[in-house]
Amino acid sequence: MMGQELESVALTLVADKKGILAADETVPTLTRRFDTLGIQSTEQSRCMYREMLFTAPGAAEFISGVILQDETIRQMGSGGTPLAQVLSNRGILPGIKVDTGAKPLAGFPGETVTEGLDGLRDRLSEYHGMGARFAKWRAVIHVTDALPSPACVSANAHALARYAALCQEQHLVPIVEPEVLMDGSHSIERCEEVTASVLHAVFHALLEQGVALEGMLLKPNMVIAGKECPRQASVEEVATATLRCLRQHVPAAVPGIVFLSGGQNAPAATAHLNAINQLPGPKPWKISFSYGRALQDPALEAWHGRDEKLTVGKQAFSHRARLNSAASLGRYADEMEAASVGADDKPHRRDWRDD
């Protein structure tokens with residue numbers, strides 16, 4: 001029964017025309033974003049911002065789940081209802097980020113391993129009791145001509161697999177997120193090479209740890225050139241390389257692939273998702289989105305921390321969610337950007353990163 005329950009939740013998260021909102025920025029990360037816009041970061045302002053996104057009109061039509069952060073899942077909305085319940089009341093599944101961040105990998109300068117396995121079983125049990133039905137863990141893979149090392153890939157793959165096994169034990173669907181970073185000057189070919197080796201290692205570890213692939217989701221990077229690479233690949237090149245890599249390394253048993261945006265601006269992340277879904281050929285998994293800043297940026301810009309702008313912020317979020325919903329079906333078009341608020345990549349946002 002547990003396997004059927006997990007598979008049902010996983011399939012709900014990748015239901016037709018829906019994707020996942022990553023609203024799991026840590027307090028320091030969200031504070032940095034607020035600071036650049038002159039918004040005071042307090043527990044109340046962070047709660048107000050998240051509630052604005054969660055209660056945007058029509059959000060439930062395009063958003064299947066929201067990844068929360070520890071502070072957020074413990075907060076009450078303006079009406080005195082827990083934010084996790086605010087989501088559930090709208091038919092949106094609450095999820096939770098459970099890793100404690102990427103830390104330096106001892107003996108391997110420039111590389112990291114994500115921590116948070118200590119005490120994870122008890123934390124997952126508590127979060128499930130608070131309404132969470134899925135979880136997220138992010139591994140971070142840096143790319144150069146020499147990196148990542150086999151040790152880094154192995155350490156992060158093992159941690160992802162242990163996390164996923166613990167999630168399933170506690171009746172939570174694990175989102176497995178191995179992110180090959182866009183930072184750097186590497187080519188799209190180098191990104192594909194590294195992404196392939198990472199995915200191979202991750203699924204080997206998942207199977208070794210007894211994780212049921214039918215009861216999990218994969219949240220990978222797209223295969224894309226580094227931000228400092230002199231030759232940036234076209235939308236079609238990114239889509240072709242990404243789908244080729246996934247077909248070769250992601251088992252068909254996985255119900256869905258929900259891409260991270262990885263530092264792409266909102267229109268680019270949407271265009272790439274759309275192009276991937278438009279490609280011909282077999283796609284044994286649902287392909288959708290689990291975006292953070294690529295969903296939130298326009299809404300944050302429109303709201304700007306002002307009570308009187310809450311409605312405008314909600315409209316900006318709903319519009320962006322609608323566009324990504326269309327892209328998950330391969331039905332997005334550039335003209336749909338015309339009504340976007342703050343869709344361009346403002347200079348102060350280019351170094352913003354999701355956690």
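1. Strand β7, which spans residues 173–180, is mostly covered, since eight of its eight residues are buried. The model is a predicted one, and the points below should be read as describing that model.

2. In a regular strand the side chains alternate between the two faces of the sheet. In β7, Val173, Ile175, Glu177 and Glu179 point one way, while Pro174, Val176, Pro178 and Val180 point the other way, and all of these residues are buried.

3. Together with helix α9 (residues 188–208), β7 and β8 make up a β-α-β unit that is right-handed.

4. Is Glu177 buried or exposed? Its relative accessible area is 3%, under the 20% cut-off, and Glu177 therefore counts as buried. When neighbours within four places in sequence are left aside, Glu177 is in contact with Lys136, Trp137, Arg138, Ala139, Leu160, Lys219 and Leu260.

5. Phe134 lies in strand β6, and with a relative accessible area of 0% this residue is buried. Apart from neighbours within four places in sequence, its contacts are Leu13, Ile20, Gly65, Val66, Ile67, Leu93, Pro94, Gly95, Ile96, Leu172, Val173 and Ile175. Among these contacts, Val173 and Ile175 are residues of β7 that point one way from the strand. Between Phe134 and Ala321 there are 187 residues in sequence, and their C-alpha atoms are 20 Å apart in space.

6. Turning to the aromatic residues, the structure holds five aromatic pairs. The rings of Phe34 and Tyr49 have centres 5.7 Å apart and planes at 80°, and because an angle over 60 degrees counts as edge-to-face, this pair is classed in that way. Phe34 belongs to helix α2 (residues 27–36) and Tyr49 to helix α3 (residues 43–54), so the pair ties together parts that lie 15 residues apart in sequence. Phe34 counts as buried at 0% relative accessibility, and Tyr49 is likewise buried, with a relative accessible area of 0%.

7. How are the rings of Phe289 and Tyr291 arranged, and what angle do their planes make? Their centres are 5.7 Å apart and their planes are at 35°, so this pair is tilted. Both Phe289 and Tyr291 are buried. Ring pairs also link Phe34, Tyr49 and Trp303 into a cluster.

8. Helix α13 (residues 310–328) has 19 residues, and the distance from its first C-alpha to its last is 27 Å, close to the 27 Å expected at 1.5 Å a residue. The helix is followed by Gly330, whose phi is positive, near 75°.

How values were computed:
Residues numbered from 1 in each chain as written. Predicted model: local features only at pLDDT ≥ 70, side-chain atom pairs only at ≥ 80, totals over all residues. Heavy atoms only, no water. Phe/Tyr/Trp six-rings, centres within 6.5 Å; stacked < 30°, edge-to-face > 60°. Helix = DSSP H or I, 4+ residues; strand = E, 2+ residues; numbered from the N terminus. Buried < 20%, exposed > 50% of the residue type's maximum accessible area, 1.4 Å probe, protein only. Right-handed = clockwise from strand over helix to strand, strands pointing away. Contact = heavy atoms within 4.5 Å. Expected span 1.5 Å × (residues − 1).
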